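Student: Could we walk through the charged pairs in this protein together? I would like to see how each answer is reached.

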Amino acid sequence: MPNIKFLWRVEIKIKPFVVTITLNPALDKTIILDQLKIGNKNYIKNLTTNPGGNGINIAKTLKEFDIDSVVTGFNAGENGEILLDLMYKEKIDMQFMEIPGETKINLKIIEWGKNSITEINEHGFYVSYDDVNKFMMKLSKLLEKANFLVLSGNLPLGISDDIYFDIINMANKKKIKTILNAEGSAFNNGIKASPYSIKLNTSKLEILCGRRFFKMKDIIKSVKNIMKRNNIKIVIMSMYKVGVLIINEDKIIKTKTLPIIPVSNDAKSDSMIAAFIYSIFNDCSLEETAKIITSAEIITALKSGSRICTKKEVIEFNDHVEIERIL
């Protein structure tokens, strides 16, 4: 397969506007230590605090790709004020709904020189039934100017696991393309509303199908069945160390790239989704799209905390991604 070259377009026919949903945002505190000594005193080499949440990471990456977006969801308390301040400094547009409680803190401990990340996460605030109804009305108005809607991340306490299903139905009625990347029953229920695209990985597919996968042909067959059963147009799938799989109604493409030791797994799926949206707005072929999203995943995986790829880095890395097979 020859190496695919393509132009990075600067003009987009329809002005893109993306709404990303982060129902349970966080303050991500990343601590770097020489070594984590359990039961002993530890000294911090470096500490960073970033706005956390899949939808926030996606918005940050979209900004790098010159695509306008707004983050919406719930936010609360003093931690919430810090979150808004950090997002303001990063020039991320946001329209959160303030509720009682406290936005959670996620603590990530990285041991310097080791491929080891320990996470200690809070559950976050409780969202009432009335707050959910108010949010749905707010979201409906916000979607009036959107081309894309991204639903990602876990749910806060109090919210039904049908919420992604309900939101996707709302977006479908407004003819807005939706991308779903979630976990558990919220993801399983959301798929039934027929999102435009979903983001998978091998473990998520195995949970969804209730079986283990050892052969690529079985993975492809199962993904195709999910797409057909739920009227999903395109699936993006991380294959851990072996590349990325992207499937639409006509093509199946797999990429491969240089082996890496990831520094963080925090935002790589979010960067992939943002790069995918960029590819769609720029009318990229599926082959081009596969290379772009693979580059975005790899670059972000090599960064600590919730740092994300830049457009320049993706362009430069793109030649290192190969199309391994097209079925």
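Student: Which residue does D34 meet in a salt bridge?

Tutor: A salt bridge is a side-chain nitrogen of Lys or Arg within 4 Å of a carboxyl oxygen of Asp or Glu. Here the N to O distance is 3.5 Å. D34 sits in the loop between β2 (26-33) and β3 (44-52), and its partner, eleven residues apart, is in strand β3; helices (H or I, at least four residues) and strands (E, at least two) are DSSP runs, numbered from the N terminus. The partner of D34 is K45.

Student: What kind of model is this, and how are residues numbered?

Tutor: Side-chain values use heavy atoms, with hydrogens and water left out, and residues are numbered from 1 along each chain as its sequence is written. Local features need pLDDT of at least 70 and side-chain atom pairs count only at pLDDT 80 or more, while totals for chains, interfaces and linings use all residues, since this is a predicted model.

Student: Is K45 buried, partly exposed or exposed?

Tutor: Buried means under 20% relative accessible area, exposed over 50%, and partly exposed in between (1.4 Å probe, protein chains only). The relative accessible area of K45 is 45%, so K45 is partly exposed.

Student: How many residues apart in sequence are the parts that K60 and E90 tie together?

Tutor: K60 and E90 form a salt bridge, with their closest N and O atoms 4.0 Å apart. K60 is buried at 9% relative accessible area, whereas E90 is partly exposed at 29%. Because K60 lies in helix α1 (residues 54-64) and E90 in the loop between α2 (77-89) and β5, the parts they tie together are apart in sequence by 30 residues.

Student: Which strand holds K256, the salt-bridge partner of E322?

Tutor: The side chains of E322 and K256 meet at 3.9 Å, N to O. E322 is in strand β14 (residues 322-326), so this pair ties together parts 66 residues apart in sequence, and K256 lies in strand β13 (residues 252-256).

Student: How many salt bridges does the structure hold?

Tutor: The pairs we discussed include D34 with K45 and K60 with E90. The total for the structure is 15.

Student: How many disulfides are there?

Tutor: A disulfide is a pair of cysteine sulfur atoms within 2.5 Å. Take C284: the nearest cysteine sulfur, that of C309, is 14 Å away, and C284 is in no disulfide. By this rule the count is zero.
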